[in-house]
Structures are given as C-alpha cells and as structure tokens.
Amino acid sequence: MANADHLPDSQVTVRPSTYARLLVLAPLATATLLIVPILVGLAGAAGPAFGWLPVLGGKTLSLDPWRALWDTPGLGSMIRLSLVTGIASTALALTIVVLFLGAFADSRAFIWLRRLLSPLLAVPHAAAAIGLAFLLAPSGLAMRLVSPGLSGFHSPPDYLFPGDGWGIALIAGLVIKEVPFLLLMSLAALSQCQAEQRTHLARSLGYAPTTAFLKAVLPTLYPLIRLPVYAVIAFASANVDVAMILGPSTPPPLAVSVVHWLNDPDLSKRFMASAAALTQLGITLLALAGWWLMECLVACLGRRWLTDGRRHTAHRLGQWLGGGSAWISVTLLGASLIALILWSLATWWPFPVLWPTPLSLANWQRALDGLWPATLTTLALALSSTLLSSLLVVGCLEHETVNRRTMGTGASLVLYLPLLVPPVAFLFGLVQLQAQLQARFALSPGFFSAALGHCLFVLPYVFLSLAESYRRLDPRWSQLSAALGRSPAYTFVRVRLPMLLAPIAVAMAVGLAVSIGQYLPTLLLSAGRLTTLTTEAITLASGGDRRLTAVYALAQLLLPALGFAIALWLPRLLHHRRRARRN
Amino acid sequence: MRPYMPPDSSSSFSDSLVFDNVAIDLDGHRLITLNARIAPGEIVSVMGPSGVGKSTLLAYAAGFLAPAFRATGHVYLGQRELTGLPAQQRHLGLLFQDPLLFPHLNVGGNLAFGMPASIKRSERRRRIESALADIGLAGFAKRDPATLSGGQKARVALMRVLLSQPHAMLLDEPFSKLDAALRHDMRQLVFERIRARGLPALMVTHDHADAEATGDAVIELLPARESEHDGMLSSPSNAQSSAPGLQHAKR
C-alpha cells in the first residue's frame, strides 16, 4: 500500500534483510486483491451489457440490453431514488456529525458518545434497518408508546413505513449507521488539524464554540474525511440490504432491481441486469460528481463568510441541531435494538400493548435448527476473511515501518476502491465470470470465492482501523530493539506485535463485524449456496414473521458484539497476567 | 462599563487584570494559588519548572480549564468579573507558542478573522494593509501563511490578536520556538505593542530572559510536592516561602 518514493542514495547501502524484502510482497498482494476483482468484475459486467455472453448464447455485440433497460417501467424513479437517498442521507449524516463536533467537542456528552461509537459501529446494517422498521412501523414500538393514550389509535394507523415512496425510511436507516462511521473517521482526523488549539484560539478571539469550529477547524477537517464521505455516498446510493428492508418496493432503488433481475428465472434478463449494473456505476459516479460540485459551491460561497468576523453565526442553531440530532440518531439505534429484543421474545403481542406478555424463548428454540448452521457459516466466512485481511494489513503497515515508506494518495484510493465502486456493479461481473469459468473448468462458486469477496470489504476497514495506532507507535521502541542487536523480524514479533495487540484485536473485531454484515457478496459469489445470519435475516425481513426475523437480526448483531467484547477483554487479560507474574 | 473606544484607537482601556484568591486543585491537591493585580501596560511573568501548572493557570484565565481541575477565586478585568464567562466573552488576547495561522486562509484572511464583524469590507482591507505595513510585511495579504518564515508568522499572529481589540493579553511561552536572534526582536515588538495599547498582560515562560526583558513583576510557581523538601529545587529565587504555589516577588 506504500508509495515507492525513493530515498536519496546514501553512500553506504545497507542490504535489506530477507524480512524487509518479504514485506514488499504485502502491499503488492493487497493492491492485487483489491484492484483485480474490481476491474475484472466491471469488465465482466460490460460484456453482457452489450450482448456478449456466450454461455447464454450472446455472441454478437448489440445495444439490445440497453434498449430493454430503457423500456423498463419506473426506471426514472429507480434512478431518482438512488440519487436522492444517496445524497440526502450523506448530507444529513455529515451535517449532524459536523454540528455535533462543533457544539460538543469538549463536553462530557462527547466523551460518553465516544465510548458508544465502537459498539454502534459493530451493529450490522441489516440488523439496524430491521430494528428501525420494528420501531417506527405503524404497529411498531414507537406507536405503541403513544397509543392509545396520546395518539388515540386502537389499531395501527395507516401509513407506509418502512417502504414509503419517498425513501424517508431508507434515508433514516442509512443516516443512523452513517453517523457513527463519519464520527469515528472525524475523530481520527481531528488530531491531525490541531482542533483543540485552533478552537481555543478562535474562542479567545471572541468566537462562539460552534462558529469557532466551523470557521477555524472544519475547512481543514473536511479534506481529511473526504474519502470516507465519498465512501458513504457510494454506499448510500448503491446499497442493497438496507434498501431491501426499508426502501420502497414499487419501484425499488436501482441496485435492488439489479439483484432482482439477476436472480430472475428468465436468464435472458441477465443482459439487461448487466446494463443496469453499469448504469448503477454511472449513478454513483453522478452522485459523487454532484457532491463534488456542491463542495466547490460551498467552498466558494464560504470564503467570504470565513473572514467576515461574525462570531456567532450558526451557533445557537448548531447547538440545538447538532446536539438534538446526534442524540436522536443514537437513541433511534438504541430503541431499535430494544424493539428487536422484544419481538424476539414475544409470543402474543397485540397492538397497542407496549410490553409483550408472556416473554418466552420459544422463538429462539424454534429458530435454533436453522440458526446454528447459519452461525457456523457466518463465523467461518468472517474468520477466514478477517485473518487474511489482517495478515495483509499488518504486512503493509510493517512494510511502511521497516522500509520507511509513507502511503500516498494513490494508495489510499486503492484502499477505498471497493468502498467507492458500487458492489452490485463489480460483483455482478464477477458472477458472470464465475459462470464462464464454471462452464469451462468446473470451478464452482462457494465458500472460497465468497470469503475472497468478503476480503474486498473487510480489508479496507481493518486497515483504516489499525493504521493510526500502528503509525503512532513510538519509533524509538524499534530503534532500541535494533540497537540491542535484534533483527527487524524479531523486533516485530517481540516488540511491535505485543505493544499493538490491543489495536490489532479491535481492528480484527471491526473486520469480523464487516464480514458478518455482508449480504451481497455472500449471496452472489456463492450463487446462493451459503446461508449466513445476514442473508437469512434479510430474506426473513421481506416475509411476515417478525419474531423469527428479530431472532436472526439479534443473532447477527450479537456475533460482532461478541467479537468486540473479546477484543477488549483479551489484551487486558494478558496484561493482567503479566502484572500478576511480576508481583 | 467599557470605556468608549474609537475603533482603531491604540489608547488604553486602563483596566487592570486582577486575580483574586485564585486556587486551582487537581485530584484534591492544591496546584496553584495566586493573588495578583496587573496594571494596564504591565507584563507580569509567571515562571517555574515544567509541570508546575503554568499552562493550567493560563487555561484557567482564558476559560479553557479542563474539567479535571477545580478552581476557586475570581478573575476581574477592571470591575468586570470574568470568572463565570465563556472564553469567547472574555476579550483576552491569547498568544501561543505556535503562531497557529489558519492554513485555509491567506495572510489577510487570518488577520480579518480577528477583526470585529462590525468593520466594513473596505475598512477591513485598509486595516489589514496598515497592520501588515506596521510589521514590515506590506503587500503580504494574499500570501499563503505556509510561505512565511517563522518570524513573519509570529508577527502576523501578534497582529491578528491585536486587531481583535483585546482588553488584556495572555502569553503562553510566546517566544520559546523562535531562534535566539528572532526572539529578541519579537520580544521587543510584542512588549512595545502591549505597552502602547496599555493592556495588562500575563506571560507564562521558562526563559529568564523573557521575564527580565519585561522589567515587571515575576511570579515563581514552585512544584507543589517537591517544595516540601527544600534544596531539591533549582529555582533562582528560592528565598521565598515553600508553600505550594504562590510566590509573588516584586522586583
């Protein structure tokens, strides 16, 4: 992942150790793993989009798939939905995060929220979406809370949630998951832009706290979180799992339609699906371009505002909006989890009763037969993809450390590539390719390809989670070890690895959580042969069995939570034992 | 309460900065106690080894004390009590170790950032130009602060604070990152401007030359714990009481 920026030649060249030379392989392997499947996947989608798919008899190039796509009823609505939900949810989440940071960066509320961040991030998208649906649906927990006392409803009111035509449910579901992510990314970046000193300076010049943040910190913070923001736009404009649960269905956002067409029994629809997958890529690029234009506009309009000397702009509003909305999104997420728990334990729960009686484990027992194998598959996929990703990530960071390279913009783009290209576009092409290979070499889709597919999404998150701690480790520890005559490899195993155990464990927990939450790669790359907790939860969510859905969503949520618990507890345990031995 | 001030007057506010029975505790341990009255144009130095709480005192005065500390006592500017006010309403100009020029604004923008909003655009531009000319940087308004030398940055940072029309100054080791030659010039400039405007100033420093250059009072802070066993200290003015914190010597 490192830039090959050459150091000036020194007179004495030290021959690099075998270890140092082996490490060069890590960034190479990582870049290959991230770039090749995406390029191949996009190419694999491009062929059928122009009528070329020999397996299905497409042997001439034509524009027919595009014509078929063009004639699809509701295409305009699909595209509009993807664009609007993508940009609106990102804008909302970013506003919440920025105003919250501006108004509360020094407060106790902030320290509290900071502690909640990792567990909130570990909540899989699907579980959060299912919980939100259970919370805000007409017969959901929120409506029960105000019924019949405040609202006067004795039967569930008639409004459409989830699945409203405007995509409001979908936007809400995206926002509650994007806020923790953007908050975490901003926290990492804040330390790089002297945030505290600058707000102090601006406040001593008379600026109100929020205004000080907006005028003195944000202009340098935003460039640092730009890539994460773009990743959020790409995810929000092209996601499938949240949209299947919360989005409208007639018509759904484009990415969901692509998956429907791909799974259509009529195989000829695959040509059109390919064209739609490429269109999705275009839509995401359009959303990104639109956002970029807004950035330029804001920068241009903001320039004079920055130096106009006004000290209270947006202060009150920011405090109310930032505080209120950050807590609303955290509360929504928390309340969603309560809704899930109640539904998973409910037997008979008529509207508008708030608390289901009796509570029982019957739903869990009923689910156990399916739950167990799905959990094992989920774990196997998560462990294998996380182990491989962590190995590569640690290799890359070791390469940076040992060979003294720094990561350039190109390398970060490669890292963000799987998060920027809509998965539905390239996974779809990979599936086509897999089908070709299967026909020719009897290479069947299944566990191996699904695990590699998970790596595409797990690896960037493991890297983002670990890089900061790895780079911040005081280089003098390693220099000390070298001065004591230890080789770089020995220093890695005996010095850096133990000192970085805690962040590595957390990064692996993040990796597990990302893998456990994956829907599309599992579904497509295993050709539907692998059943994980996530695929099962999403399938169930579209059915009517709320109790069973809640059980699966909770199981899907518990697994990453368990991962985080172990990651936090393991280093402490080892540390404790070390201290015990010393005493 | 505030005397009338024409906008670009450099006359004095003639208000003293008063520390009245100030005490700062950390985890139940007394860190600092202070009684002081700083007259307009006077620059009082606070000295002491690192870790003794010099910066804590400054953070307290400016309104940025971390929640872990507990403080009692009062800070006044003339008749006005500052203690309960948020940082942005105290009108205390803060000069840091680093110039902290905003990289997203040019030199002129950095100066404009400090000016009150009531000043109109053409007047803002005029004042930026005259402030820059004043520190030998005429025509630098459009420059990127990253292209300035260390001394130039420090001068711009000083002008930014002064353009915000502070009522008193807090200096946090303002010269410690400058090299020896620059340090002397910068000291002259800062002290001269503070005196010309008649601002009371509190300067935290560990450089005796800084304190000597002011010719004003010096407050020595002694480490709370080590001051209990004498002789461990290498403080120059050691003839004072060994009670933790307050040592106020007028020279």
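Q: A polar contact is a pair of N or O atoms within 3.5 Å; within protein, one atom must be able to donate a hydrogen and the other to accept it, and residues adjacent in sequence count only if both atoms are side-chain atoms. By that rule, how many residue pairs are in polar contact between chain B and chain A?
A: Seven residue pairs, with both partners at pLDDT 80 or more. This is a predicted model, where local features need pLDDT of at least 70 and side-chain atom pairs count only at pLDDT 80 or more, while totals for chains, interfaces and linings use all residues; side-chain values use heavy atoms, leaving out hydrogens and water. Residues are numbered from 1 along each chain as its sequence is written, and chains are lettered from A and ligands numbered from 1 in the order in which they are written.

Q: What makes a salt bridge, and how many are counted between chain B and chain A?
A: You need a side-chain nitrogen of Lys or Arg within 4 Å of a carboxyl oxygen of Asp or Glu. Between chain B and chain A the count is zero.

Q: Which elements give two or more residues to the side of chain B that touches chain A?
A: Strand S6 (92–95) and helices H2 (107–114), H3 (121–134) and H4 (150–163) of chain B. Here helices (H or I, at least four residues) and strands (E, at least two) are DSSP runs, numbered from the N terminus. H2(B) gives the largest share, four residues. By class, this side has 17 nonpolar, five polar and four charged residues, with Ala, Val, Leu, Ile, Met, Phe, Trp, Tyr, Cys and Pro as nonpolar, Asp, Glu, Lys and Arg as charged, and the others, Gly among them, as polar.

Q: How many residues of chain B are in contact with chain A, and what area do the two chains bury?
A: With heavy atoms within 4.5 Å as the test, 26 residues of chain B meet 25 residues of chain A. The chains bury about 2,300 Å² between them, 64% of it on carbon and sulfur atoms; that is accessible area (1.4 Å probe) lost on being put together, summed over both parts. B:Phe64, B:Gln88 and B:Phe113 supply 30% of what chain B buries there, more than any other three residues.

Q: Where are the domains of chain A, and what area is buried between them?
A: An automatic or database assignment sets the bounds: domain 1 is 16–42 + 363–583 and domain 2 is 63–360. The buried area is about 3,500 Å², of which carbon and sulfur atoms give 74%. A:Phe428, A:Arg546 and A:Arg547 supply 19% of the area that domain 1 buries against domain 2, more than any other three residues.

Q: Why is the pair A:Phe181 and A:Tyr461 called edge-to-face?
A: Rings of Phe, Tyr and Trp (its six-membered ring) pair if their centres lie within 6.5 Å, and planes under 30 degrees apart count as stacked, over 60 as edge-to-face and the rest as tilted. The whole structure has nine aromatic pairs over all chains. In this one the centres are 6.0 Å apart and the planes 70 degrees, so edge-to-face it is. The pair links helix H8 (residues 168–190) to helix H18 of chain A, with the two residues 280 apart.

Q: Why do A:Arg67 and A:Asp64 count as a salt bridge?
A: Their closest N and O atoms are 2.7 Å apart, so the pair passes the cut-off. Because they sit three residues apart in helix H3 (residues 64–71) of chain A, about one helical turn separates them. The structure holds 20 salt bridges over all chains.
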